[in-house]
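I opened this notebook to record what I looked up in the structure shown below.

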Amino acid sequence: MFEKILVANRGEIAVRIIRACKELNIRTVAIYSEADANSMHVQLADEAICIGTAPAGDSYLRIDRVVSAAEITDVDAIHPGYGFLAENAHFADVCESCNIRFIGPNSRAMSALEDKAVSRALAKRADVPTPPGSDGVVESEQEALQVAKRIGYPVMIKAIAGGGGRGMRAAHNDISLVKGYHTARGEAEKAFGNSGVYVEKFIENPHHVEFQILGDNRGHIIHLGERDCSIQRRNQKVLEECPSPLLDNPKFRKLREKMGKAAIKIAEAANYTNAGTVEFIVDTQGRYYFLEVNKRIQVEHPITEEVTGIDLVRYQIMLAMGEPLRHSQSDIQLKGHAIECRINAEDPFDDFRPSPGRIEMYYQPGGRGVRVDTHAYAGYTIPSAYDSMIGKLITYGRDRREAMDKMNRALGEYMITGVKTTISFQQAILQDPNFRRGVYSTAFIEQLLGGARRELMEEKA
Amino acid sequence: MDLKDIKAIIDLMKKNSVTEFELEKQDFKIRLKRGTNGGGAAASYDDAPAVTAAQPPSAIPAAVAAPQAPVVPVSNELEIKSPMIGTFYRAPSPEAAAYVEVGVEVNPETVVCIIEAMKVMNEIKAEAKGVITQIMVENAKPVEFGQPLFKVRPS
């Protein structure tokens, strides 16, 4: 049994992890940068260690400092959360060599899925469909052009070390391909320290459907159903729901089973352990393609928790302690419907410009079927050094209709003043007729914003 | 007499280092006392509403109120802060003498302590020129980033 865990993260996910630890009677250590001295996760933890100045590169990403903090507080394990060092194989190795358990996949799985190109190859070997594309990293613009010629435009140039929707460029012809190839490489080098890119067929207007998986150290792997994350703005997820309305379409009934099996096949091929997510895209004909595996707990994990009744972060801790899976695949039931709206400190009326600053008034919604995962509070100053997400609003209902009604109600109750938030933007999504029908793709937000822009222009005219 | 007048009297008292003031009139009486060192000649006033100028400070030795706050530390003292997370050691080894003590002069290159992190002993330099006035962490205690380790009076 772990006695003490260090949470190597910040914000809402650090609060989430601390809660799971407290419920298991495990003591917690928070790490924080100088900008996060008043953050909620620091206040909730049993101990807190300052590890540097505001920039993530001087604090949360400093492996030496994180591990030093773990050593002086004598923890048994580190939970990396998402982002930061969560999928950093070197960090996981350093933890293990310092006798600190890393709460995440083992190093074998990390290297089997070390980047997107390698994962693509693994999926192909496991007979799981992948979008047509290059066999691994594309080394030159000539090669990129050849691949594009073979698979046909439009294509996507993607960073192999990319994540969170970053490091991607679409190309519709040779000229934009060459331009995009070089830009993507430059961006990738700067953002991820790895300029490797690969080329994939761009499947237009797909649904983004991902499967939650859990694996123990005895080789048992189960999936906990899917999440539809198609509602994205510039490749950043905005709203997620479980189950996917697409897979509930009678035309695609068999897809859930087929994709679930494919997710498990990939996880098994990688000898995956702990929590992870297998991402797919599904086109309008119901053809699905493997994209990548996210080797961490994800932002949108709460909707799976609500629909399956299973605490995923707690499961991560138990699995890391060496416990076997307590559920077989047949034990997993998806009951009801859950929706999550990400609440960002951004101004939706000013191109989503980030809006850091002091929260003056804060009232979060409540009531039956409403869950808020956040680190925000009245008087909290949102630092400008990190991402703009300040919380997640999750609603759960008997069915999609009830989950949507609750979300409408809850968004209307949510009061945050002092900073701009995307609450009104989420309200617009919930009220959109196509969203309500469950008919949407990754092009949804662009279409919604396009319409809104037109309205704004007409108003101004 | 209203609040404005009382404020004016208090200001005058401060300005002239008067600690006690008492005024009694037909319908009211007021007594103002500044600080705890109240003893000594309080200026005495008659019924004249105008407040006469108080005696110069030198004539009322005990009445001058000494500053009440404890001695404020000299604000130009520097702090040597920890640049890393680890365990703080005052000496290179348990048997050796400490790198510095209070009163020792340091220059930027002087090693003042060791911070041990992940089994590596890191020598921490003063990066300041002056005299150590305080050692703020006990030997073998853990320190975090930015934690003050020593106080230095710059020379």
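**Conventions.** I note that this is a predicted model, in which local features need pLDDT of at least 70, side-chain atom pairs count only at pLDDT 80 or more, and totals for chains, interfaces and linings use all residues. Residues are numbered from 1 along each chain as its sequence is written, while chains are lettered from A and ligands numbered from 1 in the order in which they are written.

**Chain B, overall.** I found one helix and eleven strands in chain B; helices (H or I, at least four residues) and strands (E, at least two) are DSSP runs, numbered from the N terminus. Along the sequence the pattern reads α-β-β-β-β-β-β-β-β-β-β-β. Of the 155 residues in chain B, 20% are buried, that is, with 20 or more other C-beta atoms within 10 Å of their own C-beta, placed from the backbone. I then took the contacts in chain B with a separation of 6 or more: 53% of them link residues 24 or more positions apart. A contact here requires C-beta atoms, placed from the backbone, to lie within 7 Å.

**A sheet in chain B.** I traced an open sheet of four strands in the order E8-E7-E5-E10, with antiparallel pairing; two strands pair if DSSP finds at least two bridges between them. Its edge strands are E8 (120-125) and E10 (141-143), each pairing on one side only. The twist averages 40° from one strand to the next, with axes fitted to C-alpha atoms and angles running from 0 to 180 degrees between N-to-C directions. Strand E7 (residues 111-117) is joined to E8(B) by six bridges, and B:Val111 stands opposite B:Lys125 in E8(B).

**Between the chains.** The contact takes 13 residues from chain A and ten residues from chain B. On the chain B side I counted six nonpolar, three polar and one charged residues.

**Helix H1 of chain A.** Helix H1 (residues 11-23) has 13 residues and reaches 19 Å from its first C-alpha to its last, close to the 18 Å expected; the expected span is 1.5 Å times one less than the number of residues. Is H1(A) mostly covered or uncovered? It is mostly covered, with ten of its 13 residues buried, among them A:Gly11, A:Ile13, A:Val15 and A:Cys21. Just after H1(A), I noted that A:Asn25 takes a positive phi of about 60°.

Conventions: Buried ≥ 20, exposed ≤ 12 C-beta atoms within 10 Å, placed from the backbone. Contact = placed C-beta atoms within 7 Å. Nonpolar A, V, L, I, M, F, W, Y, C, P; charged D, E, K, R; others polar.
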